[in-house]
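Here are my notes on this one, written as numbered points. Have the viewer open while you read.

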Amino acid sequence: MKKVHSICPFCGTGCSLFLHVDNGKIIKVEGNKESQANRGQLCVKGMYCYQFVQHKDRLKKPLIKKNGKFVEVEWNEAISFVADNFKRILKKHGSKSIGVFNSSKCTNEENYLMYEFATKVLKTQNVDQCARLCHMPSGIAYSKMFGIGAMSCSYKDLLKAKTIMICGANPAEQHPIIFNWIMEAKRNGTKVIVIDPRKTKTAKQADIHVGIEEGKDDAFYIALCKYLIKNRMIDKNMIKRTEDYDFFVEELRPLGDVDALCDYAGVDVKYVKEICDLIQDKTVFINGLGLTESAGCVTNVELVGCLALLTGNIGKEGAGVAPLRGQSNVQGTSDIQVMYFRKLKNDAKTKACYFEKKFDGSLSSTEMIEGILTDQIKCLYIMGENPAMSHPNLRNNFKAFEKVDFMVVQDIFLTETAEFADVVLPGACFAEKDGTFTNAERRVQLLEKAVSYAGKPDWEIICALGKAMGDKNNFNYKNTKEIWKQIRKNISLYSGITYEAMKNNYGVQFPCFSMKCGNDKVCNESRMYENYFYRKSKKALFPAVRIYPPSIKANDKFPYRMITGGVLQQFQTGTMSRHCDKLNKLANEPFIGIHAEDAKELNVKDGDLLELSAPNGESIRAKARISDEVKRKYVFVPVNFKEARVNMLTSEKLIDVSKTPEYKGAIINVKKIN
Ligand code: SF4
């Protein structure tokens, strides 16, 4: 039996683990006690993550659709077929007609290569990835304000914080090991504040839960900022390290007084003083999709960053901003995307990095769908993503997938999206390849190949396609270490991180500029911004702010608002977790969470079948679950179950610069089905 080190393939906590392999089969998973990210702990998803690896439904051979049916073919035939069709599309429609989806389930090396393939071979700038749907707003907000779009502190700072403020996130179910860090801090006296329309499992453990109205976070955070400024509760030394503070104060002035803002946000004004008092002390500000997928979006996150700046809670022990990350490699995939869309420069004197815009005009993943329907996009190459579950207004996506001239899906199972493809290329999963993931606290960690069960590593498939397309120079990699060297050359924040250092330390956090890696403070920062921000001026920036009301209001026909999220035992669109028997035994059915009073009004009992319908004419059905977590006139529906695809009901309206869909707060009607 051998023990192979890997990283949990589910959420962005990035738990380090060992796969126990006997006779070519993984028989169990053990948390890595030496890991600084998870200290040996794993949640239920991590414990059983090996089950999908060896599932009988894994794709083993490439599939080509012939006369409407998939036929298994050999790899050579599949690669030539895909390359020939890419060449045909390029010749007939040009490079702008091709769209490529990268994946946060894939390694940094694979995402890097996919960008190389897209930009050098397909010559398209239409490359996007799943952070567009979730944490792009956090990346945009914090890279603009502080220089780097990432958590400023580390998980261990949670234990030093006096207050942890959780804004629109439910780590108890979505990031359970981070929740363990929070609960350990709470047991030692740290106060926990949760701001969320739902009384989630996280909120139930909080000292203060603010049950804000969905989509009105910006108003409440503005109220907090105004109170801090008016009552001189600001850290003057930190303000000296910022730009545009006076402009920010001026911008806040016309946005209403604290009472009016709280009234609009549906929050008792007493919380303003209580929270402002608590965040005077060392505070970590956590945020999740409750902020990024709602009206306000980037501004919501920026306002949380403003609270950190005003109170001086950044760049010191027990303080910072901490956007959680949904998938195992959202941070790394985003770092690579930033590298391609902006030129990352390394200032030789200060070692400070700043971004320079490189090119505009690329389509986001949801815009590519619109592009197909308007005849701009003719071809899609999707690696490891499942937009037929995760994109908003799914009917539009189905129409687009049926219409597109040529569609390739590279994945480990025949996903809901792969069903639409012309060609399906079977990829290898996390346990079947080497490479790196970057977790939410910027820790870049090595995965090592444990088994060979099915499929090919995505980086090998991309290399084969690159060569088949005639590129003799850029796709000759023999292993992932060679690709990693290229990443280090291109992303200065990663430049000091070697495979050896990652192996010896169970991961290294970026920024790490020096070859002398490890936990040495000089070359590697577990806490950023202690002395300067990673902007050209070395100062943080106060942003321009305004209030963005929800784009759509509940009305007589659609009187409820729907909040979507995940359950503890399943993961996102279910591609991996619903192939884990143990997880299915724990949760294998969609449900509609509804308040007891609303249920009474509709004469609904626990377990009754409900139908939710939306203004777009679509509907879904699932059983009612009467829940004290849901506010009146709201419902909660998990995103994990294809039997009730919530995104049939969500709107494709994109919010401001991040182009993130406004998933939260769709308006719906609820009907009992007899
Ligand atoms: Fe850790 Fe997240 Fe995996 Fe759970 S799902 S073990 S919290 S990485």
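1. Ground rules. This is a predicted model, in which local features need pLDDT of at least 70 and side-chain atom pairs count only at pLDDT 80 or more, while totals for chains, interfaces and linings use all residues. Numbering starts from 1 along each chain as its sequence is written, and side-chain values use heavy atoms, with hydrogens and water left out.

2. Domains. The bounds come from an automatic or database domain assignment. They give domain 1 (2–47), domain 2 (63–129 + 361–509), domain 3 (136–324) and domain 4 (560–672). Between the C-alpha centres of domain 2 and domain 4 there are 30 Å. For contact, read heavy atoms within 4.5 Å; on that basis 21 residues of domain 2 touch 20 residues of domain 4.

3. The open sheet. Helices (H or I, at least four residues) and strands (E, at least two) are DSSP runs, numbered from the N terminus, and two strands pair if DSSP finds at least two bridges between them. Seven strands make an open sheet with mixed pairing, in the order β5-β4-β18-β17-β16-β6-β7. The edges are β5 (69–72) and β7 (127–128), each with a single partner strand, so one side of each has no neighbour in the sheet. Further in, β4 (residues 63–66) runs antiparallel to β18, joined by two bridges, and L63 sits opposite V424 in β18.

4. Angles here run from 0 to 180 degrees between N-to-C directions, and axes are lines fitted to C-alpha atoms, for helices over the stretch in contact. Helix α16 (residues 365–373) lies across β6, β7 and β16 and runs at about 150 degrees to β6.

5. Helix α19. Which residues of α19 (residues 458–468) are buried? With buried meaning under 20% relative accessible area, exposed over 50% and partly exposed in between (1.4 Å probe, protein chains only), they are D458, W459, I461, I462, C463, L465 and G466. Their cover includes the helices α2 (75–93), α3 (108–121) and α20 (480–490), along with strands β16 (379–383), β17 (406–411) and β18 (423–426). Just after α19 comes G470, with a positive phi of about 100 degrees.

6. Four bridges tie β19 to the antiparallel strand β20 (residues 443–447), with T436 opposite L446. Four residues separate the two strands of the hairpin, and R442 in the turn has a positive phi of about 70 degrees.

7. The α8/α10 pair. Helix α8 (residues 217–230) packs against helix α10 (residues 245–252) at about 115 degrees, with the axes 11 Å apart. The contact uses I222, C225, K226 and I229 from α8, and Y245, F248, V249 and L252 from α10. Sorted by class, that is seven nonpolar, no polar and one charged residues (nonpolar: Ala, Val, Leu, Ile, Met, Phe, Trp, Tyr, Cys and Pro; charged: Asp, Glu, Lys and Arg; polar: the others, Gly among them).

8. D277. Helix α12 (residues 270–278) holds D277, which is partly exposed at 36% relative accessibility. D277 and L228 are 49 residues apart in sequence, and their C-alpha atoms are 9.0 Å apart in space.

9. Backbone spots to look at. The F510 to P511 peptide bond is cis, with omega near 0 degrees, and P511 belongs to the loop between β21 (508–509) and β22 (540–541). Two non-glycine residues have positive phi: N23 at about 55 degrees and Q572 at about 45 degrees. N23, in the loop between β2 (16–22) and β3 (25–31), is exposed, with a relative accessible area of 79%. Q572, in the loop between β23 (560–565) and α22 (581–586), is partly exposed at 26%.
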